Amino acid sequence: TLVAVGKTFGADALRAAALLVNEADHRQPYPLVLIQLLGENQRVTAERVFHPREYLEDSVLRGDWQSGFAAGAQVRLRLSLRHPGRDSAQFRMEIL
């Protein structure tokens, strides 16, 4: 499960914080995470796919991401996406 917990639209980027939860009863690979900026009519104005090495906030987890995501664990994510300079007041995140 991916839950957005905060966002900031700066002059040049969206900065988002999220919580990723492994609700499975077993270890599984860390997923890729997609973030998209949305403009009028939900049109995608910018997007980026994040690898676990990029989004894991904890340096120990980031260095050992190949070991996988422990059952029942929660991890904090920090994501940043350059703003394209157009009106993009919304964003969407999803697990790939």
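Why does Gln74 count as exposed? Gln74 counts as exposed because its relative accessibility is 54%, where exposed means over 50% relative accessible area, buried under 20% and partly exposed in between, with a 1.4 Å probe and protein chains only.

Before going on, a word on the model: it is predicted, so local features need pLDDT of at least 70 and side-chain atom pairs count only at pLDDT 80 or more, while totals for chains, interfaces and linings use all residues. Residues are numbered from 1 along each chain as its sequence is written, and side-chain values use heavy atoms, with hydrogens and water left out.

Let's step back to the whole chain. It holds 2 helices and 6 strands, in the order β-β-β-β-α-α-β-β from the N terminus; these are DSSP runs, H or I of at least four residues for helices and E of at least two for strands. The C-alpha trace spans about 40 × 25 × 20 Å along its principal axes. Of the 96 residues, 35% are buried.

Now follow the chain from its start. Strand S1 (residues 2-9) pairs with strand S2 (residues 13-21) in the antiparallel sense over 7 bridges, pairing being called when DSSP finds at least two bridges between two strands. A hairpin of 3 residues joins S1 to S2, and Gly6 has Ala17 in S2 as its bridge partner.

Back to Gln74, which lies in strand S5 (residues 74-82). Leaving aside residues up to four places away in sequence, Gln74 touches Leu19, Leu20, Val21 and Phe69, a contact being heavy atoms within 4.5 Å. Glu23 is 51 residues from Gln74 in sequence, yet their C-alpha atoms are 9.0 Å apart.
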